[in-house]
Amino acid sequence: MKKVAFYTLGCKLNFSETSTIARDFKNDGYQRVDFTEKADMYVINTCSVTENADKRFKSIVRQAMKINPEAFVAAIGCYAQLKPEQLAAVDGVDLVLGATEKFKIADYINDLTKNDYGQVHACEIEEADFYVGSYAIGDRTRAFLKVQDGCDYKCTFCTIPLARGISRSDTLENVLRNAKEISEKGIKEIVLTGVNIGDFGKGEFGNKKHEHTFLDLVQALDRVEGIHRLRISSIEPNLLKNETIDFVAKSKSFVPHFHIPLQSGSDVILKQMKRRYLSSLYVDRVNRIRQTMPHACIGVDVIVGFPGETDEHFLETYHFLNELDISYLHVFTYSERDNTPAASMEDPVPLKVRGKRSKMLRGLSVKKRRAFYESQLGTTRTVLFEGENKEGYIHGFTENYVKVKSPWNPDLVNTLHEVELTGIDVDGCVRVQFVESGIKA
């Protein structure tokens, strides 16, 4: 039996697609092994969101070649679509597949004989107009369910439309079928993923009409039997409607956790980025969530060092976030991406300044998370425990995304428990007391 190993860079969407491709290999008679083991074929699912992800590709190929110099190496994913020739030129790479070809990898690999040079099969991105569903089971606890792909937005810093094509969705029927399949495997939590999931429904039947909306999707999933938790991944503020927020507040399965990209607290910079909202709309969304779910967790994406971002613009963002009732930040340092309008904009921010601003916002994130965790102490929440023994502790997340810890007990893996949040440990995790047993942990 031939062995195949996978390495995934980037987002939850990439992980869901890797899982689907891996299942196809299994159906073709391959055995999946860990990337650190000897395999006949190594598949690297690439990302292009950060400069760092680009650079990591070469070292991952070297890692595979060190384990088995005769192994066949294939590159797929966003970077493979954007820079196929560049990846094909890396020593050891045999095959590079673009946005549509990656789902038909078996058609391109033949007998796994290494090539003298990397072969490229990458379509024009305009041809990436059909939808391939997927889901990933990262551990026995949680699954990432892809519901949408591509993006029609034209943010000036972003390569995703060039790497993944137009916005298109899975059919509602297929999403519900996948969700049921996942729940029947005993998995307790499903995270909805996509490039722009609030745009769900567009392209569902091969046209640009919205046969269904994101609210329709949320309402239909809430009715699926056997799903304990549903979590929405990142959703654009202009597409997170009040009706969706209100529904989540009273839903059976959806948890009170939102991750909403902001990118900048300065309206001047938001316009330069060609975002589809201003800071006032963002404030409205946060306030609506707080009114309906005071205990909700709200995460924020923010980019520092965008071209033209002055000290005043940055401080505007810092103060905006400092005053906003949010729970944590994901901070991205702007990096120039080929073929994006921002890459040729005037007044680039020096790298040292970008780094300093990034550090300031990461510090603010630590403060925000700590304050959020402190606000939850003394409350009773439900924890889903995960499967890893980390230095004698088992970890898990409450419905509102507070990370908790308890002494390792294998019986807790993939189980839900009511707990009282009692205190914050030195590592930032929250200690709990089990409500049903009264045992302090």
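Student: In what order do the six strands of the open sheet stand, and is the pairing parallel or antiparallel?

Tutor: First, the ground rules. This is a predicted model, in which local features need pLDDT of at least 70, side-chain atom pairs count only at pLDDT 80 or more, and totals for chains, interfaces and linings use all residues. Residues are numbered from 1 along each chain as its sequence is written, and side-chain values use heavy atoms, with hydrogens and water left out.
Helices (H or I, at least four residues) and strands (E, at least two) are DSSP runs numbered from the N terminus, and two strands pair if DSSP finds at least two bridges between them. Here the order is 2-1-3-4-5-6, and the pairing is parallel. Strand 2 (31–33) and strand 6 (119–121) are the edge strands, each pairing on one side only. From one strand to the next, the twist averages 25°; axes are lines fitted to C-alpha atoms, for helices over the stretch in contact, and angles run from 0 to 180 degrees between N-to-C directions.

Student: How many bridges join strand 3 to strand 4?

Tutor: Strand 3 (residues 41–46) and strand 4 (residues 72–77) run parallel and are joined by six bridges. As an example of partners, Asn45 is bridged to Ile76 in strand 4.

Student: Which strands of this sheet does helix 1 touch?

Tutor: Contact means heavy atoms within 4.5 Å. Helix 1 (residues 12–27) packs on the sheet and touches strand 1 (3–8), strand 2, strand 3 and strand 4. The direction of helix 1 makes about 175° with that of strand 1.

Student: Is Leu112 buried or exposed?

Tutor: Buried means under 20% relative accessible area, exposed over 50%, and partly exposed in between (1.4 Å probe, protein chains only). Leu112 has a relative accessible area of 8%, so Leu112 is buried. Its place is in the loop between helix 5 (106–109) and strand 6. Not counting residues up to four places away in sequence, Leu112 touches Lys2, Tyr30, Asp40, Met41 and Phe72.

Student: And where is Thr141?

Tutor: Thr141 sits in the loop between strand 7 (135–137) and strand 8 (142–146). With 1% relative accessibility, Thr141 counts as buried. Leaving out residues up to four places away in sequence, the residues that Thr141 touches include Ile187, Lys188, Leu384, Phe385 and Asn414.

Student: At roughly what angle do the axes of helix 8 and helix 9 cross?

Tutor: Angles under 35 degrees count as roughly parallel, over 145 as roughly antiparallel, 65 to 115 as roughly perpendicular and the rest as oblique. The axes of helix 8 (residues 214–222) and helix 9 (residues 242–250) cross at roughly 15° and come within 9 Å, and the two helices are therefore roughly parallel to each other. Phe214, Leu215, Val218, Gln219 and Asp222 of helix 8 make the contact with Glu243, Thr244 and Phe247 of helix 9.

Student: Which residues of helix 9 meet helix 11?

Tutor: Asn242, Ile245, Asp246 and Ala249 do, and they meet Arg285, Arg288, Ile289 and Thr292 in helix 11. The axes of helix 9 and helix 11 (residues 279–292) come within 10 Å and cross at roughly 25°.
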